[in-house]
Amino acid sequence: MTRAAPDSTPQKPPVAFLALGVVTIALALVELWVIFAVAPVELQMGIVQKIFYFHVPSAYAMYIGFVVAMVGSIGYLVKRTDRWDALAVAGAEVGLLFCTIVLITGPLWARKAWGVWWTWDPRLTTTLLAALVFTAFVVLRSMGGAGEAEKRFAAALAIVGFFILPVIHYSVQQWRGQHPTVISRGGGGLHPDMYPALYLGFLLFTLLATFLIWARMRAEVARLALAAIETDAASAGLLED
Amino acid sequence: MTAIHRFALAGLFALALSAPMTTAHAQDGGGAASDDPAEARSATFQAVEGAVQEDIPGGPLLVGAYGVILALVLGYVLHLARLQSQTTRDLARLRTAVERAGAKQTG
């Protein structure tokens, strides 16, 4: 496999990248204002229901991350280029970050709503399963000097992990469980004043996930380019240690 | 435009379209919760009227949840910043080593 000579010049962040970061921060402040000043307190659960406005968009951002990991993995298996590999790593890490947020904020809500921190509900269990699969991916890729075989195995893991996502999504409709179905099929919906906070939450977490995936991918591409230069320099006998 | 850029643009487009469709779809099914006990779970969120009364205080849980989100996202951003600066440092070190070795070979 031939590889183009990597550019050793540090790349400045594109303007669009910086603008995305600024817009995301501004939107986060607006979202907090809408959640606490516009959206009403929920009748049954009280103030703890406001976790919902970050919990559900976090799950959505988790889907984004894991789908990107799957696409990057397929791209890597087909093209075998560093950029696709970097995309897979970035998607898996960011997806796992949001999955962790979902798995922590969910029990904090459940303590109030159900009286327990955790229950083996289908949606909770399948989300935990996805977290374990992508944790394996991240751990595998975090080991120093991941070679071609590790990259291929991790790519296959991400593709397998992707197929848990539809199971998570449709588990509340197909199996007995306790997880609310407020905005799923058969759900009763939200109070009209709660929708702006939810819509803004979806937009905010879409931008946040995009920003983090982009940032992680930039870092991974730079790291892979550095490793390639180091290998080339060492094989040319330019490095003593 | 590379394949990754095209993928990123297409992905953003699809995301922007899919989020409102998900909630619109949910609204279509409003109030259609089944009588089956297996399906007996929260199906609506309603606004409280009058003073708010809670048996289990939700404040600490809410603060904990928002605190965890902030800590995890900020922690990850700091991790990325450290990774980027580490790469830049390693690049500078490598460049110096290569230049020194090149000078030694020519000299």
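Tutor: This is a predicted model. A:Arg80 sits in the loop that links α2 (52-79) with α3 (82-113) in chain A.

Student: What is phi of A:Arg80 near?
Tutor: Phi of A:Arg80 is near 55°, which is a positive value in a residue other than glycine.

Student: Is A:Arg80 buried, exposed or partly exposed?
Tutor: A:Arg80 has a relative accessibility of 28%, so A:Arg80 counts as partly exposed. The partly exposed class lies between the buried limit, under 20%, and the exposed limit, over 50%.

Student: Back to the chain as a whole. How many helices and strands are there in chain A?
Tutor: Chain A has 7 helices and 0 strands. Along the sequence, the pattern is accordingly written α-α-α-α-α-α-α.

Student: And what box do the C-alpha atoms of chain A fill?
Tutor: Along the principal axes, the box is roughly 70 × 40 × 30 Å.

Student: How much of chain A counts as buried?
Tutor: Chain A has 241 residues, and 55% of them count as buried. As for the surface, chain A exposes about 10,700 Å², with 68% of that area supplied by carbon and sulfur atoms.

Student: What about contacts in chain A, for residues at least 6 apart in sequence?
Tutor: Of those contacts, 75% join residues that are at least 24 apart in the sequence of chain A.

Student: Next, charges. How many positive and negative side chains does chain A have?
Tutor: There are 17 positive and 15 negative side chains in chain A, and 9 Å separates the centres of the two sets.

Student: Which residues form the nonpolar patch on the surface?
Tutor: The patch consists of A:Ile25, A:Leu29, A:Leu32 and A:Phe36, and together these residues have about 400 Å² of accessible area.

Student: Where is A:Ile25 found, then?
Tutor: A:Ile25 belongs to helix α1 of chain A, residues 15-38.

Student: Why does A:Ile25 count as exposed?
Tutor: Because the relative accessible area of A:Ile25 is 57%, and exposed means over 50%.

Student: How far apart are B:Gly64 and B:Ala103?
Tutor: B:Gly64 and B:Ala103 are separated by 39 residues in sequence and by 58 Å in space, C-alpha to C-alpha.

Methods
Residues numbered from 1 in each chain as written. Chains lettered and ligands numbered in written order. Predicted model: local features only at pLDDT ≥ 70, side-chain atom pairs only at ≥ 80, totals over all residues. Heavy atoms only, no water. Helix = DSSP H or I, 4+ residues; strand = E, 2+ residues; numbered from the N terminus. Buried < 20%, exposed > 50% of the residue type's maximum accessible area, 1.4 Å probe, protein only. Contact = heavy atoms within 4.5 Å. Areas by Shrake-Rupley, 256 points an atom, 1.4 Å probe, with all protein chains shown as cover. Lys, Arg positive; Asp, Glu negative; His and termini not counted. Charge placed at Lys NZ, Arg CZ, Asp CG, Glu CD. Patch = residues over 30% accessible without salt bridge, like charges linked within 9 Å, V, L, I, M, F, W, Y side chains within 5 Å. Salt bridge = Lys/Arg side-chain N within 4 Å of Asp/Glu carboxyl O.
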